[in-house]
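Okay, thanks for coming, everyone. Let me put today's protein on the screen and then walk you through it.

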Amino acid sequence: MDKQEVLEAARQRFSKSDIRQLERAITVATEAHQGQARLSGEPYILHPLAVAKLLIDWEMDIDSVIAGVLHDTAEDTSLSLKDIEDTFGRDVAFLVDGVTKVGKVRSGMRDLTSYLPGTKDNLTKLMIAVGQDVRVLIIKLADRLHNMQTLEHQSREKQKKIARETMEVFAPLADRLNMGRARVQLEELSFRYMMPKDFSRTKTLMDHRLKKSERKLETVRREVAKRLEDEKIEFTMDGRIKSVYSLFKKLDRVGGDIDRIHDLIALRIIVDDLSTCYLVMSVLHEMYAPIFDRIKDYVAQPKMNGYQSLHTTVETSSGQIVEFQVRTKEMHEYAERGFAASFHYNEAKLTDAYRKGHIAALPADLSWIRELQEAAAKASEGKKFNANKFRMNLFHDRIFIYSPKGDIWDLPNGAFPLDFAYRIHSDVAAKASGFRINGAMKPFSYKLKHGDQVEILTSKTATPKADWKQYIVTNHAKEKLRMQLARQNRSLLGLILPKRRKS
Ligand code: MN
């Protein structure tokens with residue numbers, strides 16, 4: 001990846017003045033990373049250039065691309081955030097700062113095994129909270145993808161560690177953003193490094209099977225194309241090959257029998273609008289016998305991450321079983337690039353597609369994506385792209401607290417150390433005698449702040465007290481304390497009553 005390649009790709013999409021800024025960023029970053037090399041021995045600048053190229057391919061906005069070029073400068077070079085802000089503006093500096101912070105959060109997690117997989121949901125939340133802007137996470141994904149693509153230069157031990165983290169944290173993150181293509185790339189690379197033998201065995205099996213079925217599938221493809229043309233339907237069609245990793249997972253579910261897997265290749269038909277999608281489905285069902293329990297309407301019921309498409313599996317007259325996926329261009333874009341696609345659309349199409357329901361019918365339990373989506377749609381209504389509207393404050397009512405081991409817990413804003421103690425374990429809370437916060441002793445009345453590290457001091461003789469109620473805000477802690485106090489009262493009564501009888 002060299003400077004010219006990045007600029008060439010950028011010229012297809014950005015204005016002349018944007019390109020000038022990008023060129024300037026490349027010059028500044030090249031100078032800042034001067035003398036630094038990657039493990040491969042190549043000049044370091046090739047990495048940020050590759051990250052920027054990925055972001056261009058994902059059709060991110062120019063600020064993200066520039067931040068991609070500069071993403072390692074604030075941390076690893078003498079360039080300061082102030083320098084970046086002065087030259088490239090506040091938004092770029094904000095993004096670079098976010099990427100740096102997210103990186104630090106991760107390295108703050110120390111031992112990988114202590115936070116995976118137990119706190120990985122927390123990690124995702126934390127990365128969002130820290131990054132504040134979904135673009136920060138997308139830049140981070142591009143950074144991770146390129147690091148995975150060049151993982152061969154790391155030691156075997158590091159390869160395994162990084163691959164596992166990618167599989168457990170970054171691939172799910174890409175999935176939550178519905179960035180299907182990036183997710184598959186991250187998973188394939190991770191799988192290859194985590195389980196090299198399983199990877200090559202599955203890959204061989206797959207190649208063998210593909211060779212066998214390709215010719216037959218080509219017949220079906222031609223038959224369908226002809227019929228759709230006769231119906232005067234405009235469409236494009238291609239074959240989607242299952243990833244090695246998803247084949248591996250599926251084989252596991254069907255006892256290793258590849259004959260039971262019918263979607264190794266699916267034919268994907270992309271059309272202009274939703275009603276044509278349903279029309280194509282009925283044409284397919286007229287031509288071939290549908291297998292009824294394999295018809296899936298992810299338009300009426302999108303997947304958790306917002307994925308939309310119609311799926312059907314049919315049996316041809318020659319007995320071949322073929323899966324079809326039918327969708328609009330918008331659905332396709334959204335399935336491939338997910339949230340990143342909305343940046344491409346934010347100028348003109350997003351709001352429209354959003355209103356028509358072509359994308360982003362997002363379910364409630366992923367409301368954070370919907371909030372992002374709404375913010376994106378709102379931003380696109382204004383004439384000028386306003387980065388502030390993309391800033392997320394989705395966890396504005398939550399704070400993140402570290403245990404001394406580096407585990408992360410999220411608590412409501414205004415929580416006290418006792419809330420944290422009850423979250424960890426009510427028996428620990430019951431014995432609490434004091435709290436050391438960021439290394440210093442603090443009273444029970446101390447209000448926790450974002451990023452505090454809390455150590456609970458316990459003593460064998462400590463007991464829960466009624467006046468703790470004022471130092472608690474979470475319902476969980478209130479409930480536990482109430483139960484503990486009730487139990488204590490009962491045992492106190494138990495002690496007192498027999499005495500009274502005696503006297
Ligand atoms: Mn990097």
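So, what share of the 503 residues of the protein chain count as buried? It's 50%, where buried means under 20% relative accessible area, exposed is over 50%, and partly exposed is in between, with a 1.4 Å probe and protein chains only.

Ground rules. This is a predicted model, so to speak: local features need pLDDT of at least 70, side-chain atom pairs count only at pLDDT 80 or more, and totals for chains, interfaces and linings use all residues. Residues are numbered from 1 along each chain as its sequence is written, and side-chain values use heavy atoms, with hydrogens and water left out.

On confidence: pLDDT is the predictor's confidence in each residue, from 0 to 100. The protein chain averages 81, and 79% of the residues score at least 70. Over residues 108-122, though, the pLDDT is below 50, and that stretch has 30 contacts beyond near neighbours in sequence; a contact is heavy atoms within 4.5 Å. Residues 344-396 also stay under 50, with 99 contacts beyond four places in sequence. Where pLDDT is low, the predicted coordinates should not be read in detail.

For the fold, we've got 22 helices and 11 strands. Those are DSSP runs numbered from the N terminus: helices are H or I with at least four residues, strands are E with at least two. Among contacts between residues at least 6 apart in sequence, 66% join residues at least 24 apart.

Now the metal. Which residues hand protein donors to the manganese ion? They're His47 (NE2), His71 (NE2), Asp72 (OD) and Asp143 (OD), lying 2.2 to 2.3 Å from the ion. Donors here are N, O and S atoms within 2.8 Å of the metal (3.2 Å for Na, K and Ca), and water is not among the atoms, so sites may look incomplete. The spacing in sequence reads H-x23-H-D-x70-D. Histidine 47 sits in helix H3 (residues 46-57), and histidine 71, 24 residues apart from it, in the loop between helix H4 (62-70) and helix H5 (73-76).

Histidine 47 is buried at 1% relative accessible area, and histidine 71 is buried too, at 2%. Leaving out residues up to four places away, histidine 47 touches Arg38, His71, Asp72, Asp143, His146 and Asn147.

Last stop: lysine 242, in the loop between strand S1 (236-241) and helix H14 (244-253). Lysine 242 counts as buried because its relative accessibility is 10%.
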